[in-house]
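These are my notebook entries on a single protein model.

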Amino acid sequence: MGSRRRWNGLVAALILASGEAGAHEVDLTQLPLGDGKISTAPQRGFIWACRIDPNAGGAFRDGPWIDKAKGVYDFTKKAVVDGKVTWDGRYRMSLQGERRVFSTNDLPNHPTGVFPIQPGDDAYQWDRNPNSIKTQDFKVELAASPALAAAPTCAPGAVGVLISGAVLFNALDAPGRDAVAHETQDGCQGHPQESGAYHYHSVTTCLDDRRLADGHSALVGYALDGFGIFGRFGEGGKALSSDDLDDCHGHTHAIPWDGKTTVMYHYHATWDFPYTVGCLRGQWRQQDVMTISAPPQGQGGPQGGRPDLGAAAAKLGITESALMQALGPPPPDLAAAAAKLGISQEKLRTALGVP
Ligand SMILES: [Zn+2]
Ligand SMILES: [Zn+2]
């Protein structure tokens, strides 16, 4: 019964996607499937993910909105998790000298679906997300005026915080597929991971894609490196796709920044993969990734970017890089990896904690 609710957010999204300037319309019924668009260096339209963990979760079968043969999915036909649960979101951002300080409980300023996904929900056919949304109080400090690093770096599991108060993960689900296409999310494109952290994999349509005077989108969040994330429209109100942006999904021009106009790098949301950050152009800290992705104690949260391959490698008495090499590019083939390592698949699964 998610169809009516689905359209609430989508009608607005469709209007926004068509763009005032009509530069190019985005067909939400034929979005390119991002599966396999994972790179090991900066590459436009791809995600350079720091790691993919084989500790799979998420949708257990493909919904009919995914057309693998054509390599597209129909965003307007995706199952949407039912519900309209409201939360006491507490998001605050302040400037303290060189630092931009965020505190939030990760509860969004918009309603969410009912989680765990209920058996009566149409979404349950595709994804049985058993997690509940839980408060995650955290504080992070990012650079207030970030500078470009000498070279881009890979994108960890959690890549930023949106001004809705909830965290932004990268474009991949736990097994390393296009999360926006595969994961069943609520009407605001969010859902909780195993420790209850509500998160998105794209910029939620429940945040208005507000426009500045020239048609450029307003700020919708901050990436881990401190650079801004803006909505889906560029200068002159042009609807952006990955082709308009650099390898990390951003570009540089004058933007409003803390009350001033500054020529500065920034990321953009797009409707096409990788949706937000493809890699990071500024410096970031692993400790912030862990803080905002809040994996459960002692467990690797694959979407959160906390490594569990190290622990698995230790259990197997091999190095982490040997294990990663055996697993190969995502999605991992456990049978082949076990053969490469000369161990049984069962032993490998046990070490990885994969059933
Ligand atoms: Zn997710
Ligand atoms: Zn821009």
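Entry 1: strand β9 and its partners. I began with Leu162, which stands opposite Gly221 in β14. I then looked up the pairing to which these residues belong: β9 and strand β14 (residues 219-223) run antiparallel and are joined by 3 bridges. I note here that the model is a predicted one.

I next asked which other strand is joined to β9 by bridges. I found strand β10 (residues 167-169), joined to β9 by 3 bridges, again with an antiparallel run. Within this pairing, Ala158 has Phe169 of β10 as its bridge partner. The hairpin of β9 and β10 has 4 residues between the strands, and I recorded that Gly165 takes a positive phi near 100 degrees there.

Is β9 mostly covered or mostly open? I found strand β9 (residues 158-162) mostly covered, with 5 of its 5 residues buried.

Entry 2: the sheet of β5, β6 and β7. I looked up the strand order and found an open sheet of 3 strands, arranged β5-β6-β7 with antiparallel pairing. Its edge strands are β5 (91-96) and β7 (138-143), each of which pairs on one side only. From one strand to the next, I noted an average twist of 20 degrees.

I then examined how many bridges β5 forms with strand β6 (residues 99-104). The two strands pair in the antiparallel sense over 6 bridges. For one residue I looked up the partner directly: Arg92 is bridged to Ser103 in β6.

Entry 3: helices α6 and α7. I looked up the packing of helix α6 (residues 334-341) against helix α7 (residues 345-352) and found an angle of about 105 degrees, with the axes 8 Å apart. Angles from 65 to 115 degrees count as roughly perpendicular, and α6 and α7 are therefore roughly perpendicular to each other.

Which residues make the contact? On the α6 side I listed Leu334, Ala335, Ala337, Ala338 and Leu341; on the α7 side, Gln345, Leu348 and Arg349.

Entry 4: the protein as a whole. The protein has 7 helices and 18 strands. Of its 355 residues, 47% count as buried. I also looked up contacts between residues at least 6 apart in sequence; among these, 68% join residues at least 24 apart.

Conventions
Residues numbered from 1 in each chain as written. Chains lettered and ligands numbered in written order. Predicted model: local features only at pLDDT ≥ 70, side-chain atom pairs only at ≥ 80, totals over all residues. Pairing = 2+ DSSP bridges. Axes fitted to C-alpha atoms, helices over the stretch in contact; angles between N-to-C directions. Parallel < 35°, antiparallel > 145°, perpendicular 65-115°, else oblique. Contact = placed C-beta atoms within 7 Å. Buried ≥ 20, exposed ≤ 12 C-beta atoms within 10 Å, placed from the backbone.
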